[in-house]
Amino acid sequence: MEAFKSIEQYLLPSLLVVHFWAPWAPQCAQMNDVMAELAKEQPQVSFVKLEAEAVPEVSEKYEISSVPTFLFFKNSQKIDRLDGAHAPELTKKVQRHASSGSFPPSGNEHPKEDLSLRLKKLTHAAPCMLFMKGSPQEPRCGFSKQMVEILNKHNIQFSSFDIFSDEEVRQGLKTYSNWPTYPQLYVSGELIGGLDIIKELEASDELDTICPKAPKLEERLKVLTNKASVMLFMKGNKQEAKCGFSKQILEILNSTGVEYETFDILEDEEVRQGLKTYSNWPTYPQLYVKGELVGGLDIVKTQSSEPKYSWPVSSECSTVCTRALAYSGEDDDQYIPFSSEASFKGIFF
């Protein structure tokens, strides 16, 4: 605790990057390796590792809710933040802040122009954009939580940006929009207002006419399950599984060379609950081929252990993999793929 305070308060002439990590999280070890490489490339940047659970006061002060989390400081001022194991984004942030002056910029209008362009792109990133504290799944203040509840209540389709993830955006948007507080709601790049304004629009029945409506859940699930020829709905993503079952099914899929896409159900509670009913399958992960449910991990593992199937070994299998599924005739809820050209070990395709 004291060691960190001394680092934070010291007027470093260069960028300071603090990594909040945990020894039990493998993604933290990976990001430590990334930091080591960045330290070689950016000798003028100081890198510090802090075990988050060993300094609870510091973690609470800086709202560290997950690991890895990176905080960026210049001249004792926190200028940016990155949550998660995103090596390319960490590299980009280190390079950007290492080559720029302290935030906020002084005497140089070019960084302001660059920030203004970035904010314009962010506010136009979706037809309806919510800048909030946290995410729709985990709001980190009462006002943001209320805003999300109102938008969901009216079935409004929106994307969000966590202002805690980027201090430059958090401060810059206040000036850009001339609105000093959060959350902020934008439609077609134009500021609608904060929570009070949204409540007024809801009371006057104007909110539904201003904000775009989300598609019906069933239509949305149909689109999602057909987003790629092979779709895996899981906890986490290809790079970072967040449960043992999802990790196992990723390992099986990766061993085949099959091309597939993933959807993180932890990022969308509506999809997480709705897909259970849509597919009549109560657990995750769930694997789909051309929009049809194949099954979960148990089915994948069961079929992969049968010797009469052989795995596809190249990306060319994607054509065969997306052929029609044939009903196995063994269990009412079990489907296995069928192909007259090739047989496959496992439940796929």
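Me: Is Phe 131 buried or exposed?
Reply: Phe 131 is buried, and its relative accessible area is 0%. Keep in mind that this is a predicted model.

Me: How many aromatic pairs are there?
Reply: The count is five aromatic pairs. In one of them, the ring centres of Phe 131 and Phe 161 are 5.7 Å apart and the planes meet at 40°, so the pair is tilted.

Me: And where do Phe 131 and Phe 161 lie?
Reply: Phe 131 is in strand β5 (residues 128-132), while Phe 161 is in strand β6 (residues 159-162), so the pair ties together parts 30 residues apart in sequence.

Me: Why does Phe 161 count as buried?
Reply: Its relative accessibility is 15%, and buried means under 20%.

Me: Which cluster do ring pairs link Phe 131 into?
Reply: Ring pairs join Phe 131, Phe 161 and Tyr 186 into a cluster.

Me: OK, what about Phe 233 and Phe 263, how are their rings placed?
Reply: Those two rings have centres 5.6 Å apart and planes at 40°, so this pair is tilted. Phe 233 belongs to strand β9 (residues 230-234) and Phe 263 to strand β10 (residues 261-264), so to speak distant parts of the chain, 30 residues apart, that the pair links.

Me: Buried or exposed, those two?
Reply: Phe 233 is buried, with a relative accessible area of 0%. Phe 263 counts as buried too, at 15% relative accessibility.

Me: Changing topic: which strands form the open sheet?
Reply: Four strands do, in the order β6-β5-β7-β8, with mixed pairing. β6 and β8 (190-193) are at the edges with a single partner strand each, so one side of each has no neighbour in the sheet. From one strand to the next, the twist averages 30°.

Me: In what sense do β5 and β6 pair, parallel or antiparallel?
Reply: They pair in the parallel sense, over four bridges. Leu 130 stands opposite Ser 160 in β6.

Me: Which helix packs on the sheet?
Reply: That's helix α6 (residues 142-153), which touches β5, β7 (184-187) and β8. The direction of α6 makes about 160° with that of β5.

Me: Where is His 154?
Reply: His 154 is in the loop between α6 and β6. His 154 counts as buried, at 14% relative accessibility.

Me: What does His 154 touch?
Reply: Leaving out residues up to four places away in sequence, His 154 touches Glu 202, Leu 207, Asp 208 and Lys 213. The side chains of His 154 and Glu 202 are joined by a polar contact of 2.9 Å.

Me: Now helix α7. What caps its N-terminal end?
Reply: Asp 166 does: one of its side-chain oxygens lies 3.1 Å from the backbone nitrogen of Glu 168.

Me: Which residues in α7 are buried?
Reply: In α7 (residues 167-177), the buried ones include Glu 167, Glu 168, Val 169, Gly 172, Leu 173 and Ser 177.

Me: And what follows α7?
Reply: Asn 178 does, and its phi is positive, near 55°.

Key
Residues are numbered from 1 along each chain as its sequence is written. This is a predicted model: local features need pLDDT of at least 70, side-chain atom pairs count only at pLDDT 80 or more; totals for chains, interfaces and linings use all residues. Side-chain values use heavy atoms; hydrogens and water are left out. Rings of Phe, Tyr and Trp (its six-membered ring) pair if their centres lie within 6.5 Å; planes under 30 degrees apart count as stacked, over 60 as edge-to-face and the rest as tilted. Helices (H or I, at least four residues) and strands (E, at least two) are DSSP runs, numbered from the N terminus. Buried means under 20% relative accessible area, exposed over 50%, partly exposed in between (1.4 Å probe, protein chains only). Two strands pair if DSSP finds at least two bridges between them. Axes are lines fitted to C-alpha atoms, for helices over the stretch in contact, and angles run from 0 to 180 degrees between N-to-C directions. Contact means heavy atoms within 4.5 Å. A polar contact is a pair of N or O atoms within 3.5 Å; within protein, one must be able to donate a hydrogen and the other to accept it, and residues adjacent in sequence count only if both atoms are side-chain atoms.
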